[in-house]
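I set out to record salt bridges, a helix packing and a strand pairing in this entry. The coordinates come from a predicted model.

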Amino acid sequence: MIIAVDGPTASGKGTLARALAAHFGLPFLDTGLLYRAVGCHVQLHKGNPDDAADALAGCGFPDSLLDDPVLRSEEVGGLASRVSIHPGVRAALNQRQVDFANQPGGALLDGRDIGTVIAPHADVKLFVTAPAEVRAKRRHHEMQRQGMDVEFANILTDIGARDERDTGRADAPLKPAEDALLLDTGDLTIGDAVQAAIALVESRLRKS
């Protein structure tokens with residue numbers, strides 16, 4: 001069984017994807033980490049994430065970088081969005097994701113184009129979203145808990161910019177697959193969102 005979970009930044013898709021993977025006993029891949037590693041690698045080597053050649057060179061990151069907590073930072077998230085617009089970067093990382101999705105026994109992947117590009121044959125496709133202001137508030141609270149002094153307005157602007165890049169890129173733009181199940185987490189607690197996601201997946205599996 002393959003489950004694809006897509007959605008914009010701070011929609012809650014990562015939390016839901018992990019919960020679904022645990023519930024259904026599936027190997028899990030946060031594909032966004034791959035792009036974050038590329039962005040981080042570009043920065044570490046003084047490259048320009050907006051330059052296609054520099055971004056492609058960043059795909060040579062060491063696997064050990066995937067375990068670095070710095071990849072979860074807001075700054076690296078922005079770098080990931082910038083390198084992901086380059087078709088060469090997406091092509092370089094796609095095979096790794098396709099292989100993970102098609103492993104024996106199935107898998108669960110979360111990202112931006114899992115249901116549309118990486119695993120269009122997935123048994124279940126879930127598209128998780130929430131209003132931009134709600135997502136910005138979540139990210140703001142998260143960063144405050146981590147002791148970061150950040151302005152809400154700046155986070156909201158950054159999320160808007162990421163949404164525009166992710167949905168507007170020519171190659172594999174962020175959008176729901178035609179047969180995706182939509183889940184708006186804007187008014188849901190984490191617990192309620194997890195239960196809603198499980199119910200949606202189980203409902204689709206019963207119909208298949």
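I took a salt bridge to be a side-chain nitrogen of Lys or Arg within 4 Å of a carboxyl oxygen of Asp or Glu.

**Asp 166 and Arg 169.** I looked up this pair, and its closest N and O atoms lie 3.4 Å apart, so by that cut-off Arg 169 forms a salt bridge with Asp 166. I located Asp 166 in helix α8, residues 152-168. Is Asp 166 buried or exposed? At 2% relative accessibility, Asp 166 counts as buried. Arg 169 is likewise buried, its relative accessible area being 6%. I then listed the contacts of Asp 166, leaving aside neighbours within four places in sequence, and found Ser 81, Ser 84, Arg 112, Pro 173 and Leu 174.

**Asp 30 and its partners.** My search of the whole structure returned 14 salt bridges. In one of them, the side chains of Asp 30 and Arg 18 meet at 3.7 Å, N to O. This pair links distant parts of the chain, with Asp 30 in strand β2 (residues 28-30) and Arg 18 in helix α1 (residues 13-24), 12 residues apart. I noted that Asp 30 is buried at 13% relative accessible area, whereas Arg 18 is partly exposed at 37%. Asp 30 also forms a salt bridge with Arg 72, where the closest N and O atoms are 3.0 Å apart. Here the partners are 42 residues apart, and Arg 72 sits in the loop between α3 (52-57) and α4. Arg 72 is partly exposed, with a relative accessible area of 46%.

**Helices α2 and α4.** How do the axes of α2 and α4 cross? I found that the axes of α2 (residues 32-44) and α4 (residues 74-83) come within 7 Å and cross at roughly 100°. The two helices are therefore roughly perpendicular to each other, since angles of 65 to 115 degrees are classed that way. From α2, I recorded Tyr 35, Arg 36, Val 38, Gly 39, Cys 40 and Gln 43; they meet Glu 75, Val 76, Gly 77, Leu 79, Ala 80 and Val 83 of α4. By class, this contact holds seven nonpolar, three polar and two charged residues.

**Strands β4 and β5.** I next checked β4 (residues 124-129), which runs parallel to β5 and is joined to β5 by four bridges. Phe 127 stands opposite Leu 182 in β5. Which residues of β5 form the covered face? In β5 (residues 181-184), Leu 181 and Leu 183 make up the covered face, while Leu 182 and Asp 184 make up the uncovered one. In a regular strand, side chains alternate between the two faces of the sheet.

How values were computed:
Residues numbered from 1 in each chain as written. Predicted model: local features only at pLDDT ≥ 70, side-chain atom pairs only at ≥ 80, totals over all residues. Heavy atoms only, no water. Axes fitted to C-alpha atoms, helices over the stretch in contact; angles between N-to-C directions. Parallel < 35°, antiparallel > 145°, perpendicular 65-115°, else oblique. Contact = heavy atoms within 4.5 Å. Nonpolar A, V, L, I, M, F, W, Y, C, P; charged D, E, K, R; others polar. Buried < 20%, exposed > 50% of the residue type's maximum accessible area, 1.4 Å probe, protein only. Pairing = 2+ DSSP bridges.
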